[in-house]
There are 2 protein chains.
Amino acid sequence: MNRKEIQEERMKNYFIDATKEIITGEGIKALSVRSIAEKAGYSFATLYNYFKDVKDLIFYCVQDFSQECREYVVSRTENEERGIPKIKKIVKSYVEYMVQYPGIFDLFYVEKIATDGTSLSASDIVVKFIDELCEEELQYCIAQGTFRPGEAIEIMSNIRNSIIGILLLYMNRQHPKSYYDFVVSVNRQLDRIID
Amino acid sequence: MNRKEIQEERMKNYFIDATKEIITGEGIKALSVRSIAEKAGYSFATLYNYFKDVKDLIFYCVQDFSQECREYVVSRTENEERGIPKIKKIVKSYVEYMVQYPGIFDLFYVEKIATDGTSLSASDIVVKFIDELCEEELQYCIAQGTFRPGEAIEIMSNIRNSIIGILLLYMNRQHPKSYYDFVVSVNRQLDRIID
DNA sequence: TTTGAAAAATTAACATTGTTCAGTATATTT
DNA sequence: AAATATACTGAACAATGTTAATTTTTCAAA
């Protein structure tokens with residue numbers, strides 16, 4: 001990386017960090033080109049020298065957040081008993097993270113991010129995200145003979161769909177009303193799907 | 001209903017119908033106060049004489065659409081064999097309807113519709129919608145001894161969450177890529193959850 | 001060190017969005 | 001017919017994303 005690339009990278013990061021701060025802080029509704037630029041310490045027009053448009057900028061945030069979420073999940077689950085208990089714990093940690101940062105959930109699943117080919121990659125990251133978090137442990141279960149390979153795929157699909165559905169209803173439609181009921185509901189679903 | 005109320009009702013319907021046409025036709029992204037008013041044949045400002053704001057107007061559409069969807073599902077399932085096959089068919093018809101009108105799916109689950117108490121009712125309608133469609137047939141299954149009551153609740157939760165999740169990923173994140181794969185995926189999930 | 005051209009940053013502007021308000025036209029009542 | 005109430009509308013506002021023109025900064029060559 002030459003001098004110019006380093007500087008450009010740095011500038012990009014100023015905007016990316018500002019965006020991430022707003023999303024985790026005030027939430028996605030507070031996000032605007034102007035609010036980002038202000039937090040980054042530049043004019044809103046400067047942003048367009050480094051990103052094609054605001055969707056492009058947000059794409060970088062998706063990558064960063066998925067990495068952060070992955071780290072959170074790993075840190076919360078590394079000492080968990082392997083196999084089914086660990087899969088459950090991974091999913092629960094993932095849910096915790098999303099509830100903690102509703103803006104990230106919006107970004108991942110709710111916000112419309114693409115019509116053209118560029119952003120398909122953002123969709124790809126997001127769609128396979130839960131599966132990826134569980135991948136290693138699922139392989140472990142298959143190796144242990146807990147699941148057959150075909151069965152594992154079906155279980156994972158069911159977990160993925162259910163969790164995204166239940167999160168959407170909780171975050172976007174306030175159902176269930178309380179966080180406690182929500183957690184109970186998540187646990188029950190997981191028990192039903194896996195056991 | 002006196003003269004005045006009849007007229008007010010009629011005016012409301014002009015705007016509601018215009019909104020519904022745009023949502024089912026051009027989709028939710030084409031929806032604006034001005035596009036609605038133009039289609040209704042009035043100024044955009046007139047809209048505010050009949051609706052508190054655009055969210056209020058949209059609430060009426062949610063009610064109408066859920067009624068239309070209900071009728072669609074009934075018409076597609078009335079001759080189906082009762083019990084589990086009928087439940088599956090109801091859910092599949094519901095999914096068909098949503099895929100046909102992505103704007104309605106957006107409206108039901110994706111669009112942010114409320115912070116205050118008024119719109120909680122819109123959320124309520126939407127959250128319990130799939131459950132309600134299956135309610136009668138689920139009771140039939142319980143009466144037949146196919147499910148225990150507690151089990152039925154868990155199954156319904158799993159269906160609801162999974163279907164909303166799978167629809168969200170298909171509509172918002174183009175996963176699976178093809179409609180065929182999507183249908184296969186829906187069928188597999190249903191089989192897994194119910195059988 | 002000065003100069004001049006390339007790069008970067010900013011201001012101004014545009015087209016949309018939802019919403020409000022002051023005014024005008026229409027309908028109703030006296 | 002005049003007075004009053006109702007219905008409707010266009011202008012205006014604030015906020016949105018984006019683009020173009022313009023100013024400021026950078027930095028190598030003279």
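Author: Welcome! A salt bridge is a side-chain nitrogen of Lys or Arg within 4 Å of a carboxyl oxygen of Asp or Glu. Keep in mind that this is a predicted model.

Reader: Thanks! How many salt bridges does a search of the whole structure find?

Author: Side chains of opposite charge can pair when their charged atoms come close. Over all chains, the search finds 30 salt bridges. One of them is between B:Asp124 and A:Lys177, at 3.7 Å from N to O.

Reader: Where do B:Asp124 and A:Lys177 lie?

Author: B:Asp124 is in helix H6 of chain B, while A:Lys177 is in the loop between helix H8 and helix H9 of chain A, so this pair joins two chains. B:Asp124 is partly exposed, at 32% relative accessible area, and A:Lys177 is exposed, at 59%.

Reader: Which parts does the pair of B:Arg82 and B:Glu137 link?

Author: These two side chains form a salt bridge at 3.0 Å, N to O. The pair links distant parts of the chain: B:Arg82 sits in the loop between helix H3 and helix H4, and B:Glu137 in helix H7, 55 residues apart.

Reader: Is B:Glu137 buried or exposed?

Author: Buried means under 20% relative accessible area. B:Glu137 has 2%, so B:Glu137 is buried.

Reader: Which residues are linked in a network of salt bridges?

Author: A:Lys20, A:Asp64 and A:Glu68 are linked in such a network.

Methods: Residues numbered from 1 in each chain as written. Chains lettered and ligands numbered in written order. Predicted model: local features only at pLDDT ≥ 70, side-chain atom pairs only at ≥ 80, totals over all residues. Heavy atoms only, no water. Helix = DSSP H or I, 4+ residues; strand = E, 2+ residues; numbered from the N terminus. Buried < 20%, exposed > 50% of the residue type's maximum accessible area, 1.4 Å probe, protein only.
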